[in-house]
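Q: I'd like to learn how to read side-chain features in a structure like this one. Can you walk me through it?

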Amino acid sequence: MATKFLALACIRNESTRGDLSPRPHYPSMPKYPKGVSAEETSLQGSEAKAMFSVTGMTCSACAGSVEKAVKRLPGIREAVVDVLNNRAQVMFYPSFVNEETIREAIEDVGFQASLIKDETNEKSIQVCRIRINGMTCTSCSSTVEQALQAIHGVQKAQVALATEEAEVHYDPKTVSHNQFMEAVEDTGFEAILVSTGEDMSKIDLRVDGVRTDNSMRMLENSLQALPGVQAVDMSPELKKISVSYKPDMTGPRNFIRVIESTGISRRFKAIIYPEGEGGGRETHKKEEIKQYFRSFMWSLIFTIPVFLTSMVFMYIPGIKYGLDAKVVNMLTVGELIRWVLSTPVQFIIGRRFYSGSYKALRHGSANMDVLIALGTNAAYFYSVYTVLRAATSSDFEGKDFFETSSMLISFILLGKYLEVLAKGKTSEAIAKLMNLAPETAILLTLDEEGNVISEEEIDSRLIQKNDIIKVIPGAKVASDGYVLWGQSHINESMITGEARPVAKRKGDTVIGGTVNENGVLHIKATKVGSESALAQIVRLVESAQMAKAPVQKFADRISKYFVPLVIILSFSTWLAWFLAGKFHGYPESWIPSSMDRFELALQFGISVMVIACPCALGLATPTAVMVGTGVGASQGVLIKGGQALEGAHKVNCIVFDKTGTLTVGKPVVVNTRLLKNMVLHEFYELVAATEVNSEHPLAKAVVEYAKKFREDEENPAWPEAQDFISVTGHGVKAVVRNREVIVGNRSLMLDHNIAIPADAQDMLTETEVTAQTGILVSIDGQVTGVLAISDPVKPGAQEVISILKSMNVRSIMVTGDNWGTASSIARQIGIETVVAEAKPEQKAEKVKDLQAAGYVVAMVGDGINDSPALVAADVGMAIGAGTDIAIEAADIVLMKSNLEDVITAIHLSRKTFSRIRLNYIWALGYNILGIPIAAGALFPSTGFRLPPWIAGAAMAASSVSVVCCSLLLKNYKRPKKLENLEIRGIKIE
């Protein structure tokens with residue numbers, strides 16, 4: 001089933017008729033006059049943009065007519081019509097068409113058009129993405145976020161701890177992305193640029209054979225000279241060249257050809273930079289996991305002997321004698337071994353905690369590293385003091401805590417290793433999406449007549465716009481595009497969630513990453529690289545995982561004061577126990593035989609410092625949001641971030657648009673009644689020949705239905721219609737095969753003095769009662785037939801409304817259609833409250849009225865006229881086959897265009913937020929219970945004392961448990977009611 005992301009990222013051939021898709025949107029494609037190629041076009045000048053004011057449009061059908069009329073002109077790259085603001089934006093090639101021709105084309109459709117001068121409508125805000133290495137808790141992410149927000153020209157900055165990325169919305173005229181990189185690095189973290197938000201693609205090439213700097217400069221100049229190349233970055237030490245370019249004008253194969261043909265000896269060889277060498281996100285994640293594992297294993301090598309000498313061997317008589325042997329004065333062999341072994345753990349393996357603490361404190365904040373560094377240093381340096389005192393005294397007996405510092409670091413490293421391992425799994429949804437693209441593709445070379453000359457297997461990343469790609473059965477589609485030749489079925493479930501294979505034939509759009517089921521297809525690539533539907537979905541999911549849910553502000557507020565508060569509590573614990581011991585506030589029997597009062601107090605203080613965990617609080621929301629949005633994407637529900645998730649779980653009232661949301665959105669002929677003896681095939685031949693010249697949606701429905709009677713032909717040629725006349729708002733008239741054919745409403749027949757029989761009158765009345773449109777057909781002055789046309793209700797709509805009622809969600813219909821049609825549809829599906837004949841601004845007002853009445857409102861719509869209400873609602877849900885503007889305005893995009901996904905979106909958000917609540921209860925409960933126990937609250941009554949190394953292990957376990965709790969969302973199942981409800985797509989004939 002076609003989705004909006006098809007329309008966003010795929011181009012279809014407008015010259016072929018017989019669109020199987022039900023969406024009311026006409027995707028665009030660059031058109032060139034016969035014999036002129038895309039390459040020639042790029043040489044003749046870049047594209048231009050024009051904005052027109054169009055008056056007289058009343059509905060989306062009007063907008064569709066204008067859009068199609070403009071796109072029929074040669075040299076049109078893109079046309080978008082906004083019926084709400086009465087505007088049309090056209091991207092075109094001035095070599096082939098000009099503004100005046102476009103204006104005339106709009107007026108030919110029947111609307112007034114005028115060119116708006118000096119209308120740039122350019123986006124002034126760009127979005128930059130930066131990967132940040134080294135963040136450990138919310139205190140780190142808050143520090144970076146504040147540093148970025150402080151830069152002049154930054155509109156918004158958000159830093160996500162879970163994804164370790166920053167997203168900065170900025171004005172490129174005021175500030176550059178280089179300043180963001182510097183700001184991040186000034187806070188003490190490593191910054192890697194992911195994207196700058198500029199409208200271009202980027203590819204990395206590995207170049208062999210470069211020996212001198214002069215060769216590198218020569219290659220750089222050669223690439224820079226190519227049209228469409230925006231920037232060239234050289235990394236000689238990695239043998240890497242990064243090229244940023246406009247995919248409309250050039251592509252990676254051109255770069256490789258230029259590199260390999262540069263120089264007299266032609267010794268340079270270029271390939272796509274191998275995966276895993278370029279420092280991508282997945283590579284970084286794997287490297288981070290390896291680093292933590294290596295650090296943990298090395299710490300274990302040193303820590304295990306320290307643990308054994310302090311806690312095990314002391315109870316084995318023979319070994320105990322050797323360890324207790326004196327080296328100097330009271331210094332024993334065991335103490336010396338523990339000192340030597342724990343030192344590398346403290347300062348070499350644990351140096352990450354020192355550097356993290358320094359970076360945080362340098363910017364006036366405190367993070368988890370500060371707590372770990374303070375706790376381990378207190379244990380280590382007190383132990384050093386006891387060792388030195390023992391070495392210089394003949395009667396001093398002290399207990400060292402070297403095992404505390406080394407075991408503490410080992411357990412924390414184990415916890416961090418498990419945490420990054422689990423965090424990597426939270427972003428599996430993106431990895432799966434990115435892996436959908438095939439590794440190779442079959443590139444075809446055609447002659448001037450369209451015959452295949454040769455085939456070549458290439459890396460799929462080398463595909464350029466307008467390439468012809470062959471897709472064999474069982475293979476993945478390598479690029480977004482449209483079918484030039486062949487017929488097949490394509491499984492699009494991995495992109496849209498639609499389970500049934502979709503039939504494809506000449507002119508139909510295809511999405512990169514989908515699987516070809518049976519026939520061979522030749523596909524023309526239209527969107528490649530960052531422009532593809534897959535890339536857009538990945539970007540949308542990435543942005544969703546960056547966006548913070550409002551509930552996360554709670555954790556951010558706590559994190560500001562958490563670490564300083566824990567340090568104060570830790571010091572207070574030590575002081576309280578030390579003073580209580582000094583002034584005999586507790587019995588001597590409480591003090592273990594191997595310690596004194598100071599050491600007991602120190603153990604309590606260190607335990608408090610290391611058991612407190614700000615990480616668990618910081619990870620509670622983002623990990624659940626990451627998994628929730630990833631699960632949503634796999635179900636065909638794209639949720640734009642934590643705020644949309646949080647809003648959706650509270651929804652208790654849904655406002656539905658009618659056309660295209662509750663109904664299919666495309667009129668179809670549902671009944672035909674002939675009043676004269678005539679063959680139905682012949683009847684529709686005459687009607688279709690008359691209606692084919694009309695742009696009206698009802699006329700198109702009649703022509704599509706007539707094609708049923710000529711199934712043997714893909715694009716049937718209808719008989720010629722002479723003296724064609726279109727009467728706006730009434731119908732059409734023409735002479736076909738020397739017979740006068742009039743197709744239209746009752747008024748048109750009366751205007752031509754044609755009597756309407758009683759049978760025809762009865763059928764017209766019947767159609768109006770059932771929310772259908774009746775059309776009369778007159779042949780040679782006599783009413784010959786009546787057609788009933790309807791926009792059918794989507795399959796399963798009634799069941800969806802019923803399920804929403806059971807979830808205590810109220811359903812309301814708000815439509816611009818008439819009362820009769822609206823109330824009839826509402827009765828069919830079980831909606832009790834209907835608002836009809838509503839203008840776009842009135843839809844938004846209705847949403848605000850419901851919000852004022854105490855409802856949390858979701859708006860579900862698909863058209864431009866729904867966008868004000870989508871923005872006004874607490875949660876906007878756009879049907880996937882809707883318009884760009886509706887999808888832009890929405891918080892949630894339902895890619896399959898099935899109403900059942902409204903339920904999935906609400907149910908998933910409720911599940912996600914119950915998981916976030918559980919995470920917070922665990923994270924807060926852990927700290928609220930753990931800190932008093934570590935401080936010795938149970939020691940007076942039970943004698944239970946929490947050693948620092950066990951406290952450290954508990955702290956590490958708390959973070960891992962929160963991430964694992966979020967990962968359980970990956971097992972999400974839709975409500976059983978939906979599993980029992982089989983909703984099938986409707987086939988438009």
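This is a predicted model: local features need pLDDT of at least 70, side-chain atom pairs count only at pLDDT 80 or more; totals for chains, interfaces and linings use all residues.

Q: Which of the two, Phe 347 or Tyr 380, counts as buried, and which as partly exposed?

A: Tyr 380 has 4% relative accessibility, so it counts as buried. Phe 347 comes out at 33%, so it counts as partly exposed.

Q: How do the rings of Phe 347 and Tyr 380 pair?

A: For ring pairs, look at the angle between the planes: over 60 degrees counts as edge-to-face. The structure holds 28 aromatic pairs. In the one formed by Phe 347 and Tyr 380, the planes are at 85° and the centres 5.1 Å apart, which is edge-to-face. Phe 347 sits in helix 11 and Tyr 380 in helix 13, so the pair ties together parts 33 residues apart in sequence.

Q: What about the rings of Trp 590 and Phe 939?

A: Their planes are at 80°, so that pair is edge-to-face too, with 5.9 Å between the ring centres. Trp 590 lies in the loop between helix 18 and helix 19, Phe 939 belongs to helix 33, and the two are 349 residues apart. Trp 590 is partly exposed at 26%, while Phe 939 is buried at 7%.

Q: Which residues do ring pairs link into a cluster?

A: Tyr 382, Tyr 385, Phe 401, Phe 571, Trp 574, Phe 578 and Phe 598 are linked that way.

Q: Let's move on to charges. How many salt bridges does the structure hold?

A: The general idea is that side chains of opposite charge can pair when their charged atoms come close. This structure holds 23 salt bridges. One of them joins Arg 253 and Asp 467, with 2.6 Å from N to O. That pair links distant parts of the chain: Arg 253 is in helix 8, Asp 467 is in the loop between strand 16 and strand 17, and 214 residues separate them.

Q: Where in the chain are Asp 400 and Arg 338?

A: These two form a salt bridge whose closest N and O atoms are 3.0 Å apart. Asp 400 is in the loop between helix 13 and helix 14, Arg 338 is in helix 11, and they lie 62 residues apart. Asp 400 is buried at 2%, and Arg 338 is buried at 8%. Salt bridges can also share partners, as in the network of Glu 100, Arg 103 and Glu 107.

Q: Now the nonpolar cores. How many residues does the largest one have?

A: To read a core, look for buried nonpolar residues joined through side-chain atoms within 4.5 Å. The largest core here has 128 residues, and those with the most contacts inside it include Ile 132, Phe 180 and Met 877. Helix 32 gives the most to this core, with 12 residues.

Q: What does Met 877 touch?

A: Leaving out residues up to four places away in sequence, its contacts include Met 859, Leu 870, Ile 892, Val 902 and Ile 906. Another core lies apart from the largest one and has 34 residues, among them Ile 256, Val 258, Leu 443 and Ile 463.

Key. Residues are numbered from 1 along each chain as its sequence is written. Side-chain values use heavy atoms; hydrogens and water are left out. A salt bridge is a side-chain nitrogen of Lys or Arg within 4 Å of a carboxyl oxygen of Asp or Glu. Helices (H or I, at least four residues) and strands (E, at least two) are DSSP runs, numbered from the N terminus. Buried means under 20% relative accessible area, exposed over 50%, partly exposed in between (1.4 Å probe, protein chains only). Contact means heavy atoms within 4.5 Å. Rings of Phe, Tyr and Trp (its six-membered ring) pair if their centres lie within 6.5 Å; planes under 30 degrees apart count as stacked, over 60 as edge-to-face and the rest as tilted.
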